[in-house]
Amino acid sequence: MSQEIERRPRTGRRVLRLGFLVVALGFGGWAVASQWDAVIAGFARLSWAALAGSLVAVVGALLGAMLTWRTLLADLGSPLPLRPAAKVFFVGQLGKYIPGAVWPVLAQMEMGRDLGVPRSRSAAAFFLMMPIQLATGLLVTLGTLGWDRYGWLLLLIPLLLVLLEPKVINAVIAFGLRRLKREPLERPLTRRGMLTALGWALAGWTAYGVHLYLIAPQGGLLFAVGAFALSWCLGIMTFVVPAGAGVREVAMVAVLAPQLDSGSAIAVALSSRIVIVVGDLICAGLAGIAARRDSV
């Protein structure tokens with residue numbers, strides 16, 4: 001009888017996870033199908049070699065994001081082997097295609113719990129990703145697109161640097177957990193962990209820049225790195241829109257305007273979006289397969 005009771009919650013969690021995955025994949029597919037004609041038009045002018053290289057670069061960028069998250073999680077006290085960490089991160093990230101901003105963190109908290117990661121620690125690592133990616137993204141923008149046009153971003157840097165100070169972060173996390181009546185984190189975030197995470201985030205921006213450069217080489221590699229970083233930062237600030245859909249494309253078209261006409265810029269933005277969606281699906285699929293083989 002007790003075994004049956006134990007099996008029911010496990011079965012329920014499996015059903016919920018399967019349902020989450022189906023819904024996330026459905027929205028990911030919808031993101032492709034809803035813009036299919038425009039995407040085909042944009043892809044028509046691209047070579048298969050450019051698309052394949054762009055997709056490889058996106059996978060590298062997503063790997064950099066996963067390693068950023070894994071570094072933070074380990075520094076907070078929950079080191080995970082590479083394959084289980086990849087499964088939790090990549091499968092959880094599919095939730096960003098579902099309307100609402102909470103699905104990725106909820107999925108990572110649920111899957112991480114099966115690996116012994118406290119939910120509060122999973123949530124802390126997830127939410128720490130945002131200021132890290134914003135800060136590095138804005139710094140990359142300033143360093144690649146020029147201080148004359150984007151110097152106003154300097155106004156945001158001091159705030160982000162304060163938010164990246166481990167002492168400030170630890171105090172904010174402790175306050176939030178107290179308000180939620182949760183146990184405090186066993187280990188605080190260290191400066192070494194933060195710097196390592198920043199390094200992986202910068203590597204991710206470089207890979208994203210290569211991805212955009214292979215689709216639109218007109219402005220050069222440095223321009224592509226900055227253009228993607230700025231458009232991503234503007235997109236991620238829009239929490240209500242799934243995965244920054246639409247906002248990032250509008251920003252990218254504006255940034256590409258000095259190098260491309262409006263029609264070509266729109267095609268590039270849509271092509272970039274579809275390659276990233278495919279990259280998300282590939283990473284989630286491969287991570288799930290690898291983790292399942294480890295458990296067999």
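Pro104, Val105, Gln108, Met109, Glu110, Gly112 and Arg113 of helix H5 meet Arg119, Ser122, Ala123, Phe126 and Phe127 of helix H6. Sorted by class, that H5 and H6 contact comes to six nonpolar, three polar and three charged residues. Keep in mind that we're looking at a predicted model here.

**The overall picture**

Let's step back for a moment. Of the 296 residues in the protein, 47% are buried. If you take contacts with a separation of 6 or more, 72% of them come from residues 24 or more positions apart.

How many of the eleven residues of H5 are buried? Eight of them are, which leaves this helix (residues 103–113) mostly covered. The buried ones are Pro104, Val105, Ala107, Gln108, Met109, Glu110, Met111 and Gly112.

H5 packs against H6, and also against H4 (residues 82–93). On the H4 side, Lys87, Val88, Phe89, Val91, Gly92 and Gln93 meet Pro104, Ala107, Gln108, Met111 and Gly112 of H5. That contact of H4 with H5 splits into six nonpolar, four polar and one charged residues.

Here is how the helix pairs line up:

| Pair | Angle | Axes |
|---|---|---|
| H3 and H6 | about 130° | 9 Å apart |
| H4 and H5 | roughly 150° | within 8 Å |
| H5 and H6 | roughly 140° | within 9 Å |

Why is H4 called roughly antiparallel to H5? Their axes cross at roughly 150°, and because angles over 145 degrees go by that name, H4 is roughly antiparallel to H5. At roughly 140°, H5 is instead oblique to H6. H3 and H6, at about 130°, are likewise oblique to each other. As for handedness, H4 passes H5 in a right-handed crossing, the crossing of H5 and H6 is right-handed, and that of H3 and H6 is right-handed too.

**Where H3 meets H6**

H3 covers residues 48–75 and H6 covers residues 119–145. From H3, the contact takes in Ala65, Thr68, Trp69, Leu72 and Leu73, while H6 brings Arg121, Ser122, Ala125, Phe126, Leu128, Met129, Ile132 and Gln133. By class, that's nine nonpolar, three polar and one charged residues.

**Trp69 and the core**

Which residues have the most contacts inside the largest nonpolar core? They are Trp69, Leu72, Phe90, Ile132, Phe228 and Leu256, in a core of 74 residues.

Skipping its neighbours within four places in sequence, Trp69 is in contact with Leu80, Ala85, Val88, Phe89, Gln108, Ala125, Phe126 and Met129. Several of those names have come up already: Val88 and Phe89 are among the H4 residues that meet H5, Gln108 is one of the buried residues of H5, and Ala125, Phe126 and Met129 are among the H6 residues in the contact with H3.

Is Thr71 buried or exposed? With 15% relative accessibility, Thr71 counts as buried, because the cut-off is under 20%. Leaving out residues up to four places away in sequence, Thr71 touches Gly193, Thr196, Ala197 and Trp200.

Notes:
Residues are numbered from 1 along each chain as its sequence is written. This is a predicted model: local features need pLDDT of at least 70, side-chain atom pairs count only at pLDDT 80 or more; totals for chains, interfaces and linings use all residues. Side-chain values use heavy atoms; hydrogens and water are left out. A nonpolar core is a set of buried Ala, Val, Leu, Ile, Met, Phe, Trp, Tyr and Cys residues joined through side-chain atoms within 4.5 Å. Buried means under 20% relative accessible area, exposed over 50%, partly exposed in between (1.4 Å probe, protein chains only). Contact means heavy atoms within 4.5 Å. Axes are lines fitted to C-alpha atoms, for helices over the stretch in contact, and angles run from 0 to 180 degrees between N-to-C directions. Helices (H or I, at least four residues) and strands (E, at least two) are DSSP runs, numbered from the N terminus. Angles under 35 degrees count as roughly parallel, over 145 as roughly antiparallel, 65 to 115 as roughly perpendicular and the rest as oblique. A crossing is left-handed if the near helix is turned anticlockwise from the far one by less than a right angle, and right-handed if clockwise. Ala, Val, Leu, Ile, Met, Phe, Trp, Tyr, Cys and Pro count as nonpolar, Asp, Glu, Lys and Arg as charged, and the others, Gly among them, as polar.
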